Amino acid sequence: MTSSVLLVREHESGGVQELPLGPRQKKNRGGSRARAGRFTPLMLLVPACLILIAVIGWPLVQLFVMSFQEFGRAQVFGAPAPFIGVDNYTRVLGDPQFWAVLGRSLLFCLANVITAMVLGTLVALLMNRVNRFFKALVSVGLLLAWAMPALTATIVWGWMFDTQYGVVNYLMEAVSGQDFSNHSWLIDPFSFFVVATIIVTWGAVPFVAFTIYAGLTQVPEEVLEAAQLDGAGGFQRFRLVVFPYLRSIFVVVIILQVIWDLRVFTQIFALQGIGGIKEQTSTLGVYIYQTSIGGGNYGTGGAIAVIMVILMVAISIFYVRRSLKEEEQ
Amino acid sequence: MRRKALAVTALGIVSALALAGCAGGSSGGGSAAGETADLRVWLNGTDTPDAAREYLKTTFEKDHPGSTLTIEEQAWTGLVDKLTTNLSGSDSPDVVEVGNTQAAAFTSAGAFADLSGIQEEIGGDDLLPGFVEAGSYDGKLFAAPYYSGARLVFYKKDLLANAGLTVPTTLDQYVSNGVALAKANAGVSGIYFPGQDWYNALPYIWENGGEIATEEGGTWTSSFSSPESIAGLKQVQEVMTQASSAAKDGNETDPQVPFCEGVVANLSAPSWVKSSILAPADSAAPGCPDQEANLGVYALPGKDGGAAHVFAGGSNIAVSANSAHPELATDALKIMLSDEYQTILGENGLVPAKISLASTLGTDEVAKAIGEAAANAKLTPASPRWADVEASGALQDFFVGIAQGGDVQQLATALDQKIDGILNS
């Protein structure tokens with residue numbers, strides 16, 4: 001979108017620059033330019049849009065249709081799928097398990113967004129202060145965490161928290177002197193989500209830190225200096241100077257984190273394979289997978305997925321509208 | 001005007017083509033022409049021995065010059081999900097192995113090609129009848145028997161002797177042995193029983209007269225909460241809480257690790273685990289070959305002596321209905337059911353798919369134990385929806401709850417409700 005807008009502007013300015021030409025010529029050339037200017041960006045957008053519609057739009061439509069159908073494993077292999085109205089939705093909304101999963105997902109999302117944002121911002125502020133050597137060191141560390149595939153990371157973390165051979169139990173025993181042998185970190189749902197939060201946050205902090213660090217470099221030094229001279233402390237300078245400058249960055253990063261954490265799948269799914277009780281630890285993404293692919297109820301799973309999409313769109317629209325309003329002001 | 005419009009349209013088309021070109025470039029070469037193909041065979045876990053894999057590949061490629069056969073190893077965990085997504089696509093694997101209790105979910109859905117035409121050729125009446133039944137739907141064979149495996153008890157001879165115990169002859173004695181061994185050796189599992197290992201819990205239910213689920217007039221009734229099943233489940237709880245120091249929410253994969261570490265006295269596991277235990281110390285998954293003399297084996301004893309009803313684990317093998325090369329795939333399947341291939345399986349401790357090849361198991365004590373166990377082995381309920389029960393994870397959750405010392409009656413009643421819901425939906 002941005003590039004097409006720029007294109008039009010370039011053409012407009014090009015037209016203005018051609019003012020010195022004779023009136024007849026100007027009219028002709030300006031006219032044809034304007035027409036090309038109208039269609040060229042549109043035509044350039046066509047392939048990208050077609051691909052987006054095919055890759056994202058079509059599955060979404062399929063999902064939506066499926067959520068109104070009786071769709072089981074037989075339908076996957078070609079049997080006709082009868083329409084059953086809103087049966088799937090009434091079944092989902094009437095299932096206490098769904099509400100438990102939804103509440104759990106929202107809580108998990110909230111905890112993770114807050115943890116990742118706070119830690120990420122602190123790391124970014126740290127990077128802004130330290131010398132080049134440590135800046136490079138922290139960057140490399142963050143990049144390694146960011147580059148690690150979620151599944152690999154979860155399995156390695158799972159080893160560390162292993163009941164029998166985990167290094168965490170070993171260290172806890174060495175430090176606290178209490179018996180941690182055979183302590184299961186995943187069997188208790190709360191403890192399970194603490195481990196999951198560690199893994200998810202570990203993977204999310206680099207993105208938050210890098211983005212906010214990039215923003216921090218754009219905060220004018222002199223404003224900060226002036227604030228300091230006026231007697232503003234470190235926290236006040238962050239709250240009253242840095243934060244307002246970075247507000248839009250924070251909004252975007254928070255939206256992305258909310259979306260990523262709400263639909264979290266890999267970490268939870270892999271952890272459930274290592275230990276814990278599935279029924280007490282499923283989040284929305286995993287629950288959809290269990291219902292549709294594991295249980296063979298694609299229709300019901302589709303209904304949950306549609307509900308989740310609506311939820312996410314609502315959250316996104318709320319934040320996007322807020323940020324747009326702020327920009328206008 | 002018109003030329004401009006044309007040029008603009010052309011621009012759109014060209015950029016679309018350019019993008020399509022990028023996409024096409026990454027997907028690589030086209031499909032092979034003629035009768036040759038690159039066949040993909042899915043085998044699960046490390047159950048199929050390397051010698052058999054090698055035999056399948058070389059035999060197939062020799063019979064079909066120009067074609068290749070690649071074995072892609074899949075994990076047993078989450079297999080139903082993975083097969084559902086992959087078999088339904090156009091990029092389906094050609095030959096797939098499926099757990100015998102999972103087969104019905106796919107035979108009933110039309111995921112497999114009909115094998116009735118070659119049933120006589122691959123063995124006919126010689127094929128294991130329980131597995132033929134598991135792979136049939138509507139009177140047609142869709143998934144041929146591949147191998148059967150019996151669950152045996154591996155034990156450390158020295159630990160048993162030190163505690164003054166002998167090989168148990170009844171299930172009760174087996175349990176009391178386990179508890180005594182755990183008491184006598186701190187940190188050792190008298191009987192290794194991780195919480196998610198529901199396969200190993202079934203004999204306790206069956207031996208106490210319980211059933212998993214029964215069918216009457218088309219309606220399934222799950223019966224984990226029947227008095228007989230509860231008696232068995234209480235015994236399971238006793239073993240899990242008093243005899244086992246395995247993770248209460250752990251799964252049954254890689255039991256050779258704690259066994260070789262020396263913290264397991266009795267290990268109930270599929271017969272092929274023997275080769276994992278005795279794997280060379282320098283292999284990718286090292287075992288403890290130095291323990292061979294100390295490694296004993298017996299068939300799990302029943303309530304009233306003799307061999308217990310254990311879970312008849314094993315696999316079926318099928319050709320995907322979406323295979324691009326059904327004829328070549330069927331040829332590969334025929335090789336896997338040939339006497340030569342099945343003999344390799346038998347020699348490696350898997351019960352061959354053909355009754356006539358039972359002697360290939362040999363005559364050592366493992367073979368003897370397999371023979372005893374297989375004679376009394378039982379299957380899970382023969383419902384097409386049973387695979388969904390397994391995939392839902394409800395059984396794992398249930399036994400983790402039991403391992404934590406939860407109220408057996410209450411947990412079993414809740415599980416019955418859940419299974420009834422799945423089997424009758």
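**Entry 1: chain B overall**

I reminded myself that this is a predicted model. I looked up the secondary structure of chain B and found 17 helices and 14 strands. Along the principal axes, the C-alpha atoms of chain B fill a box of roughly 95 × 45 × 45 Å. Chain B has 425 residues, and 49% of them count as buried. I also checked contacts in chain B between residues at least 6 apart in sequence: 76% of these join residues at least 24 apart.

**Entry 2: the domains of chain B**

Where are the domain bounds of chain B? The domain assignment puts domain 1 at 38-149 + 312-361 and domain 2 at 151-311 + 379-423. Taken over C-alpha atoms, the centres of domain 1 and domain 2 of chain B are 27 Å apart. Contact between these two domains of chain B involves 16 residues of domain 1 and 18 residues of domain 2. On the domain 1 side, H3, helix H4 (103-107) and helix H5 (129-134) of chain B each bring at least two residues.

**Entry 3: the open sheet in chain B**

I traced an open sheet of six strands in chain B, with mixed pairing and the order E2-E1-E3-E13-E6-E14. Its edge strands are E2 (68-74) and E14 (351-352) of chain B, each pairing on one side only. Strand E1 (residues 38-44) of chain B runs parallel to E2(B), and seven bridges join them. Within that pairing, I found Trp42(B) opposite Glu72(B) of E2(B).

Next I looked at strand E13 (residues 313-319) of chain B. Why is E13(B) described as largely enclosed by the rest of the structure? Seven of its seven residues are buried, so E13(B) is largely enclosed by the rest of the structure. Gly313(B), Ser315(B), Ile317(B) and Val319(B) point one way from E13(B), while Gly314(B), Asn316(B) and Ala318(B) point the other way; all are buried.

I then checked two pairings of E13(B). Strand E3 (residues 95-99) of chain B runs antiparallel to E13(B), joined by five bridges, and Val95(B) has Val319(B) as its bridge partner. Strand E6 (residues 143-149) of chain B also pairs with E13(B) in the antiparallel sense, over six bridges. There, Ala143(B) stands opposite Ala318(B).

**Entry 4: a hairpin in chain B**

I moved on to strands E9 (residues 213-216) and E10 of chain B, which pair in the antiparallel sense over four bridges. Glu215(B) has Trp220(B) in E10(B) as its bridge partner. The hairpin has two residues between the strands, and Gly217(B) takes a positive phi near 60 degrees. Which residues of E10(B) lie on its covered face, and which on the uncovered one? Trp220(B) and Ser222(B) make up the covered face, Thr219(B) and Thr221(B) the uncovered one.

**Entry 5: the nonpolar core**

The largest nonpolar core has 172 residues, and those with the most contacts inside it are Ala144(B), Ala332(B) and Ala373(B). H9(A) provides the largest share of this core, 12 residues. I listed what Ala144(B) touches, leaving out residues up to four places away in sequence: Leu115(B), Ile122(B), Leu127(B), Gly135(B), Asn316(B), Ile317(B), Leu333(B) and Leu337(B).

**Entry 6: where chain B meets chain A**

I found 32 residues of chain B in contact with 33 residues of chain A. On the chain B side, helices H1 (2-27), H3 (79-87), H15 (386-392) and H16 (394-403) each supply at least two residues. H1(B) gives the most to that side, with seven residues. By class, the side of chain B that touches chain A has 13 nonpolar, 13 polar and six charged residues.

**Entry 7: helix H5 of chain A**

I tested the length of helix H5 (residues 96-129) of chain A. At 1.5 Å a residue, its 34 residues should span 50 Å, and its end C-alpha atoms are 50 Å apart, which agrees. The buried residues of H5(A) include Phe108(A), Asn112(A), Gly120(A) and Met127(A). What do the buried residues of H5(A) pack against? They pack against helices H6 (132-147), H9 (189-216), H11 (234-262) and H14 (284-294) of chain A.

Methods:
Residues numbered from 1 in each chain as written. Chains lettered and ligands numbered in written order. Predicted model: local features only at pLDDT ≥ 70, side-chain atom pairs only at ≥ 80, totals over all residues. Contact = placed C-beta atoms within 7 Å. Nonpolar A, V, L, I, M, F, W, Y, C, P; charged D, E, K, R; others polar. Domains from an automatic or database assignment. Expected span 1.5 Å × (residues − 1). Buried ≥ 20, exposed ≤ 12 C-beta atoms within 10 Å, placed from the backbone. Pairing = 2+ DSSP bridges. Core = buried A, V, L, I, M, F, W, Y, C linked by C-beta atoms within 7 Å.
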